Each structure stands twice: as C-alpha cells, then as structure tokens.
Amino acid sequence: AAKKHIICQKTLTLTTADAIALSKAVKKTSRVFQVAYQWQSNPLFNKIHKMINDGKCGQITHIRSNYNKNMSWRVDVDDPALERQLNWRMYREYSGGLMAELCSHHINVANWMLNATPQKVTGFGGTDYWKDGRETYDNVNTIFEYPGGIKASFQATITNAYEGVSFVIMGTEGTITIENEEGQVAHYYPEEKKLQQSLSEAESKNVDGITSATRKAWASGAGIPIEVENNTRDDFETTRAMFLDFVDCVKNNKTTRSNIDNGRNVAIAVDMANKAMRNGSIEYWKPEYNG
C-alpha cells in the first residue's frame, strides 16, 4: 500500500502532551512529515540564518518581534449553531489564539536562528477590546529566555496594525531586521565598532568594494539591504517552495526543512506562553519535552 505522507498546517497541537505524543507517533513511522512554517523555505530567511551562524551579528543577545493587525478576526454567522466552527479562532477548544495563529511563526524562526528552545516563558495577554464572547486573547505580549540569557519578545495584537509584521535580531556586533508578512525585506545594521572596523580594513587594503552609497548609508545609520537572487514577492511563492521541499523529501526519503522536531518545539513553546499568561506564572522547559 502507498504511504500517506503528511503536511500539518499552523501549530502542531494545542497542548504539550499532544505535541509529545504526536512526535513519538511520527517517529515510529517512515512517513515524510512537514509542518507548514513556510519561512524556512524562504531564500532570504536562509541567508539570514547563515549570517547569524557565521557571526555577522556577533553574540545574539535579544530578539524582538511584532505581529500586529487591526481586525476582529470574526466572520459573520447566520446560523448560531455554526458559531464555534466558523469562528474557531475565538475558542480555546479549537485555537491557541494569537500565540498559535501568529506568534508561532516568529517563535519558529527564533528557535531556528538560535538552534535552541526557550528555557522559560512569561507574559501577559487579555481580551481587552473585542468584548464579543471570544475566549482567546486580542493581545499578547510574552518574553522567552533562551540559553545564554538571550531574551526574545513575541507580541501580537488585533487592535492596532502599527509596525505590522516585524522581526529584529540584535547582537553585539550588529542587528538584522525583517519586515512584512509577505515579500519580506531585510536590513543589516552594524554596530559602530563593527562599522569602523569594516571601514578601516577596507581602507588598509585599498578596497573599493565599499561604495560611496554604502558609506553614506552607514554614516546616516541606514541599514544595508540583505538581498538574495530569488527573493519571494508574496506568500504564494514561499508556500510553493515549501511544497516543493515536501515533494522532494517524499521522492528522495529526506527530512523536510520544517519537520516534526521544530513543529513539536514550537507547539510546546506556544502552550507554555498561553499557560504563563492565563496563570500569571513563569513556565519552564522540561527535559521530557526534548526529542
């Protein structure tokens, strides 16, 4: 019989226990399993991943992310009996709320860039504007601490769209910013000491590769664009790249870029954040969450 390979959309599961159980079940099979975090198939994100791992930003100390929208996220329902099914994002039975639907994408990127999972999580959230019977929060603001004391903030709201979708990686030698939900653009901002070092090295070697435009950009504090040959213009292209990765892995029995491991880790992190906000607690990563 033909094997059935699997693509999982959005957050893997709603609870830590289910994430661990599903991970164990997947690993007992030879099926190709993909979690639909498209950004891992994006050429721009892969270049940034290499820059981080090559030390372009020095030692990473902080990450800051926003996923802001101004919308109710509610659809009109003619039949009240269908309310929970059609507005599933409003109810904890079906959705992990903003942490799952939006922030999970940024959590996945942070885990990937740092090659780590958060050690502890805390935060605040609430249903403070959309007083319409929903159970999930209309705003969340969480802080994750990663190994080495790296702090990462994950914020999302559906009451204000300022700053939209953005992701900032800060290190001792530079900062990388990523903007837009689709057709992302990225810039590198070297720290002053790194900037002066680069200019000194270029001058000592008589290098003309640092153009006057780049020098002016550095002098004014403007970022240096991070560019790739095939940068995606919208989410369709990134999703297509993700599906092509899935097909390639099915054909050649390989592991997908976004797989059961990172899917499990993100689902657990989302559950930790939701528990922290609901209980006013600090949630800790436990050894049994690994693998």
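Student: Which residue lies over the face of Y91?
Tutor: R84 does, at 4.3 Å from the ring centre. Bear in mind that this is a predicted model.

Student: And ring against ring, how many aromatic pairs are there in the whole structure?
Tutor: The search finds four. In one of them, the ring centres of Y129 and W130 are 5.0 Å apart and the planes stand at 90 degrees, so that pair counts as edge-to-face.

Student: Stepping back, what does the chain consist of in helices and strands?
Tutor: Eight helices and eleven strands. The chain has 291 residues, and 46% of them are buried.

Student: What share of the contacts join residues at least 24 apart?
Tutor: 71%, counting contacts between residues at least 6 apart in sequence.

Student: Let's take a helix. Which residues of α2 are buried?
Tutor: Helix α2 runs over residues 43-53, and its buried residues are L44, F45, I48, M51 and I52. Down the helix axis they fall within an arc of 115 degrees, so they line one face of α2.

Student: What do they pack against?
Tutor: Several elements, including the helix α4 (97-114) and the strands β3 (60-68), β7 (165-171) and β8 (174-179). Strands β9 (185-190) and β10 (224-226) are also among them.

Student: What caps the N-terminal end of α2?
Tutor: N42, with a side-chain oxygen 2.8 Å from the backbone nitrogen of L44. Just after the helix, G55 has a positive phi of about 85 degrees.

Student: Which side chain is joined to that of N42 by a polar contact?
Tutor: That of Q184, at 3.3 Å. Q184 is in the loop between β8 and β9. The Q184 side chain also reaches the backbone oxygen of E181, at 2.8 Å.

Student: Is Q184 buried or exposed?
Tutor: Buried, with a relative accessible area of 2%. Leaving out residues up to four places away in sequence, Q184 touches W39, N42, L44, F45, I178, E179, N231 and T232. Of these, L44 and F45 are among the buried residues of α2.

Student: Now α7. How many residues does it have, and how far does it reach?
Tutor: It has 18 residues, 235-252, and reaches 26 Å from its first C-alpha to its last, close to the 26 Å expected at 1.5 Å a residue.

Student: Which of its residues are buried?
Tutor: T238, T239, M242, D245, F246 and C249. Those residues cover an arc of only 115 degrees around the axis, which puts them on the same side of α7.

Student: What does the face turned away from the buried side carry?
Tutor: The exposed residues F236, R240 and K251. F236 is also involved in the cap of the N-terminal end: a side-chain oxygen of D234 lies 3.0 Å from the F236 backbone nitrogen. Just after α7, N253 has a positive phi of about 55 degrees.

Student: Last one. Where does T16 lie?
Tutor: In helix α1, residues 16-27. T16 is buried, at 7% relative accessible area.

Student: What does T16 touch?
Tutor: I268, D271, K275 and Y289, not counting residues up to four places away in sequence. T16 and N265 are 249 residues apart in sequence and 9.0 Å apart in space, C-alpha to C-alpha.

Conventions:
Residues are numbered from 1 along each chain as its sequence is written. This is a predicted model: local features need pLDDT of at least 70, side-chain atom pairs count only at pLDDT 80 or more; totals for chains, interfaces and linings use all residues. Side-chain values use heavy atoms; hydrogens and water are left out. Rings of Phe, Tyr and Trp (its six-membered ring) pair if their centres lie within 6.5 Å; planes under 30 degrees apart count as stacked, over 60 as edge-to-face and the rest as tilted. A charge sits over a ring if NZ of Lys or CZ of Arg is within 6 Å of the ring centre and within 35 degrees of the ring normal. Helices (H or I, at least four residues) and strands (E, at least two) are DSSP runs, numbered from the N terminus. Buried means under 20% relative accessible area, exposed over 50%, partly exposed in between (1.4 Å probe, protein chains only). Contact means heavy atoms within 4.5 Å. The expected span of a helix is 1.5 Å times one less than its number of residues. The arc is that of the directions from the helix axis to the C-beta atoms. A polar contact is a pair of N or O atoms within 3.5 Å; within protein, one must be able to donate a hydrogen and the other to accept it, and residues adjacent in sequence count only if both atoms are side-chain atoms.
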